[in-house]
Amino acid sequence: MADTITQQQPLMGWDKPELDLSGAEWQSSSRGLGDVQIAFVEGFIAMRNSGRPERPSLIFTPAEWGAFVSGAREGEFDLT
């Protein structure tokens, strides 16, 4: 099956800016062992799949990031 890219409108209440991630300094989330990379850009945290960096990144506010990391530590998310 071919990959397709669809254009979506932002969700209602979406209050995050369109961040320019082209110059972001991406860091591995697990000492180089994982597939997830993060970058800190303009007060937000961006997360992407290191194996497919051209795909859209997830953008978190600091509060959302804290909740995500807390949930991951408690086993709520499988990051492997």
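Predicted model: local features only at pLDDT ≥ 70, side-chain atom pairs only at ≥ 80, totals over all residues.
User: What makes up the secondary structure here, and in what order?
Analyst: The protein comes to one helix and four strands. From the N terminus on, the elements run β-β-β-β-α.

User: Why is Gln37 called buried?
Analyst: Buried means under 20% relative accessible area. Gln37 comes in at 17% relative accessibility, so it counts as buried. Gln37 belongs to strand S2, residues 36–41, and that strand is mostly covered, with five of its six residues buried. For the protein as a whole, buried residues make up 26% of the 80 residues.

User: How do you know that Gln37 makes a polar contact with Arg48?
Analyst: The cut-off for a pair of N or O atoms is 3.5 Å. The side chains of Gln37 and Arg48 are at 2.7 Å, so the pair qualifies as a polar contact.

User: Why do you say that S1 and S2 pair?
Analyst: Pairing takes at least two bridges between two strands. Strand S1 (residues 27–28) and S2 have two bridges, so they pair, and the sense is antiparallel. Ser28 stands opposite Gln37 there.

User: And what makes S2 and S3 a pair?
Analyst: Again, at least two bridges are needed. S2 and strand S3 (residues 44–49) have six, so they pair, also in the antiparallel sense. Val36 stands opposite Asn49 in S3. S2 and S3 form a hairpin with two residues between them, and Glu42 in the turn has a positive phi of about 50 degrees.

User: How do you know that S3 and S4 pair?
Analyst: Three bridges join S3 to S4, and the threshold is at least two, so they pair; the two strands run antiparallel.

User: Why are S1 and S4 called edge strands?
Analyst: The sheet is open, with four strands in the order S1-S2-S3-S4 and antiparallel pairing. S1 and strand S4 (58–60) each pair on one side only, and they are the edge strands.

User: Where does the helix sit?
Analyst: Helix H1 (residues 62–73) packs on the sheet and touches S2, S3 and S4. The direction of H1 makes about 105 degrees with that of S4.

User: What about the surface of the protein?
Analyst: The accessible surface comes to about 6600 Å², and 52% of that belongs to carbon and sulfur atoms.

Conventions. Residues numbered from 1 in each chain as written. Heavy atoms only, no water. Buried < 20%, exposed > 50% of the residue type's maximum accessible area, 1.4 Å probe, protein only. Polar contact = N/O pair within 3.5 Å; in protein donor to acceptor, adjacent residues only side chain to side chain. Contact = heavy atoms within 4.5 Å. Axes fitted to C-alpha atoms, helices over the stretch in contact; angles between N-to-C directions. Areas by Shrake-Rupley, 256 points an atom, 1.4 Å probe, with all protein chains shown as cover.
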